[in-house]
Amino acid sequence: MVPRMCRLIRKHLMKNWGQRDEMISLHRSTKVLTFAIVLECLFGIRIDADTMFGVFENVLEGVMAAPINLPGTKFSSAKKARAKIQKALVDEVQKKKEAMEAGGRDEDDAMLLSNLVAALIRGEVTEDEVVDNIVLLVFAAHDTTSYAITMMFKMLANHPDCYTLLLKEHEDIAITKRREEDLTLEDVKKMEYTWQVARETMRLCPPIFGSFRKATADIEFEGFIIPKGWKVLWTAYGTHYNEEYFPDPMSFNPSRFADPVQAYAFIPFGGGPRLCAGYQLAKLNILVFMHYVVTRYDWSLVYPDEPVVMDPLPFPSKGMPIKISPKHGY
């Protein structure tokens, strides 16, 4: 997966960031990129990501809208967009099913789509369930990962000492590679400080507020009884900002993650048996993207104090624009 992701990221940067001084909407750029990475690196689906991204965005806009199915409403637009996605993905599922039934094999056979279609052929899932799983994972990944990357840039801009350490880590890796040579998994494993920065960013700025779990038994908590079967909303902020687990919790200190963290105190990806299915994909996406940006571009924030808003997920209010300048030799 690492070489495939490297090629996608380099292609995205060349097409959308170019080789001249520009201003980039970082949040939108990383959303488009992450959307393509999820489809191709997780599922092995090669469809026009630039076109389909806008359709997925239309669905997301209608998720929290009032369910009024009248022309011109967000809900109506979302339903039409979902039908368009359904058709495109059914076509991909059918092509993969026909290829697998004919005995054909290719490099995408290890991807998630092939596993889902294999279950479809065995009669374990329906075609609708295959499509629903694809849509769910694409939605879950592209907004959260892009927000984490965007906020990393903000944190690094506000803490230049941390950026100096992170840049050195990536320059040490870059000098061992030829210009268009892909990174390896061993290279990614060397990005220890970068992952500390990512985790500290997600601690202070969780991509999701929290999630629901169902109580499997009566639970007593601080004198209250949570009955079996009730839904419980857990929040990331509850422990991320708790000084019992993170001393001086409001300070940005990536090195706190150099040591093991108390279980279930750091939960940007949830925890337990329902840990985020895209955890490792998100980690690779963040690390590889940061490598190519910091080794190939100088950059600065246009609005260092840009506020974050929620609707319903968090996002930078102005899209986190950055000024970029290709480094010498790029």
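Asp 187 is buried, and Lys 177 is buried as well, where buried means under 20% relative accessible area, exposed over 50%, and partly exposed in between, with a 1.4 Å probe and protein chains only. These two residues form a salt bridge, with their closest N and O atoms 2.8 Å apart; the term stands for a side-chain nitrogen of Lys or Arg within 4 Å of a carboxyl oxygen of Asp or Glu. The pair links distant parts of the chain, since Asp 187 lies in helix H8 (residues 185-189) and Lys 177 in the loop between H7 and H8, 10 residues apart. Helices (H or I, at least four residues) and strands (E, at least two) are DSSP runs, numbered from the N terminus.

The model is a predicted one, in which local features need pLDDT of at least 70 and side-chain atom pairs count only at pLDDT 80 or more, while totals for chains, interfaces and linings use all residues. Residues are numbered from 1 along each chain as its sequence is written, and side-chain values use heavy atoms, with hydrogens and water left out.

Another salt bridge joins Lys 31 and Glu 57, at 3.2 Å between the closest N and O atoms. Lys 31 belongs to helix H2 (residues 26-43) and Glu 57 to helix H3 (residues 49-63), so the pair ties together parts that are 26 residues apart in sequence. Both Lys 31 and Glu 57 are buried.

Within helix H7 (residues 160-174), Lys 168 and Asp 172 are separated by about one helical turn, because they stand four residues apart, and their side chains meet in a salt bridge of 2.8 Å, N to O. Lys 168 counts as partly exposed because its relative accessibility is 46%, and Asp 172 also counts as partly exposed, at 37%.
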